[in-house]
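Subject: Structure for you to look at

Hello,

Here is the structure I said I would pass on. My notes follow it.

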Amino acid sequence: MYQSNRPRRNNSPRNGFRSRNEGSFNGRPVRSKRPVKKLDEALFINNAVLPQVQEKVNKSTITFQDFALDEKMQRNIIEHGYKQPTPIQEKTIPEIILRKDVIGIANTGTGKTAAFLIPLINKAYLDRNERTIIVTPTRELAMQIADELTIFSKGMDLDKVLCIGGSDMNRQIKRLQHNPHFVIGTPGRLKDLIDKRKLNLSLFRNVVLDEVDKMVDIGFINDIKLFISLLPQKRQSLFFSATVTDKVKGILDHFVQNPVTVSIKRQETSEHIKQDIVRIGKGSNKIDVLHDLLTAKDVEKVLIFGRTKWGIEKLMRSLEERGFKTVAIHGNKTQGQRSRALDQFKKDQIKIMLATDVASRGLDIENVTHVINFDAPETYDDYVHRIGRTGRAGKSGTALTFVE
């Protein structure tokens, strides 16, 4: 445990950081947050296991060449650097190829994006009449899926449209008029396009609902039910979620038919992540403590999570006043700002990114050495997704949570 007794610079209880509702998500109102219940500090402490030891245990004997995929698809997989499928890819790709409905229960970072993209791209390449819609909770995750789709479909002449808030809707409408093979979008923007009669879901015989629990949690359950009601009865439905609550089960009942369920059982947090708390001693200043952490030698690339967009903005200004170069992602940023920030962080042009939980799911960012929870997460599920940004691809990482 890291404990600081540095004196505060002022007398405010949290250096002016207020806990406020995130406000809106993709331009739509979000349900009010429940009063934050403090989580048990013991949940944030765990020693890491050496990555090389774990790799030997989990190694699969199946390769992508064992799947019934077109030669071009196989080539793109190899060029992307994929050699052996992850457990969810190994279990779901054959079922999707057989055109079965699939329920995938898996945490973020298990490779589920490729698990549904690879067979659906292969399907569209073999039959140009096949069209797929992919619904995901955040703009960043939608963009990441679109990027992966571009890589896996190289040279296959498949068109896609990214339909997310914060981007030019008229341009998206023009692209939709060409009947793209893939539409990837967030619920808010897709609903707007449906209301304007620019998106006809009856044309899509393949549908993916990704991170369903997150979409339900942030208030899109009615939009999801609407989408399902507008889809054709004869379709292939793929459903991915980290958890299945009662509300999520209600969606499942109307979405899939005779599904194959694949559940990847693993511990909630990666064994490659060293987890610890940073106790803020009486009279200490959180910004001072964070400053000390960010100047440590082993902190090379860090993602800092806060609870609110206002708090993140204030924290970013405080760090920049101290000479740190930072970027931030939250609901008040334009899509262009969010995209540039993520790109700079991914390319290591800036080594510190601040974010609300909008960045806690699905984002695959290489070589994040540390995740710092400047504000403790509201739920343990939020915690799991936050720290899942480090310790990826067999590498070790560190997660630190501030506790007062």
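Predicted model: local features only at pLDDT ≥ 70, side-chain atom pairs only at ≥ 80, totals over all residues.

The pairing of E4 (residues 102–105) with E9 (residues 236–241) is parallel and runs over 4 bridges.

E4 belongs to an open sheet of 7 strands, ordered E6-E7-E5-E8-E9-E4-E10, with parallel pairing. Its edges are E6 (160–163) and E10 (260–263), each of which pairs on one side only. On average, neighbouring strands in this sheet are turned by 10 degrees against each other, direction ignored.

Two helices that lie across strands of this sheet are worth a look. Helix H4 (residues 112–126) lies across E5 (132–135), E7 (182–185), E8 (206–209) and E9, and runs at about 165 degrees to E9. Helix H6 (residues 169–176) lies across E6 and E7, at about 150 degrees to E6.

A helix pair

Two packed helices are described by the angle between their axes and the distance between the axes. For H7 and H9 (residues 221–230), the angle is about 50 degrees and the axes are 10 Å apart. The two helices are therefore oblique to each other. H7 passes H9 in a left-handed crossing. On the H7 side the contact is made by Pro 187, Leu 190, Lys 191 and Ile 194; on the H9 side it is made by Asp 223, Ile 224, Leu 226, Phe 227 and Leu 230.

Helix H14

How many of the 8 residues of H14 are buried? The count is 6, and the helix (residues 380–387) is mostly covered. The buried residues are Asp 382, Tyr 383, Val 384, His 385, Arg 386 and Ile 387. They pack against four strands: E11 (273–280), E12 (302–305), E15 (370–373) and E16 (397–403). The N-terminal end of H14 is capped by Thr 379, which has a side-chain oxygen 3.1 Å from the backbone nitrogen of Asp 382.

Loop residues

Another threonine to check is Thr 308, in the loop between E12 and helix H12 (309–321). Its side chain reaches the backbone nitrogen of Gly 311 at 2.9 Å. Is Thr 308 buried or exposed? Its relative accessible area is 2%, so Thr 308 is buried.

Most residues other than glycine have a negative phi. Arg 197 is one of them, with phi near 60 degrees. Arg 197 is found in the loop between H7 (187–195) and E8, and is exposed at a relative accessible area of 77%. Asp 348 is also not a glycine, and its phi is positive at about 65 degrees. Asp 348 is found in the loop between helix H13 (335–346) and strand E14 (352–355). With 36% relative accessibility, Asp 348 counts as partly exposed.

The chain overall

The protein chain has 14 helices and 16 strands. Of its 404 residues, 53% are buried. Among contacts between residues at least 6 apart in sequence, 76% join residues that are at least 24 apart.

Regards

Technical notes: Residues numbered from 1 in each chain as written. Heavy atoms only, no water. Buried < 20%, exposed > 50% of the residue type's maximum accessible area, 1.4 Å probe, protein only. Contact = heavy atoms within 4.5 Å. Polar contact = N/O pair within 3.5 Å; in protein donor to acceptor, adjacent residues only side chain to side chain. Pairing = 2+ DSSP bridges. Axes fitted to C-alpha atoms, helices over the stretch in contact; angles between N-to-C directions. Parallel < 35°, antiparallel > 145°, perpendicular 65-115°, else oblique. Left-handed = near helix turned anticlockwise from the far one by under 90°.
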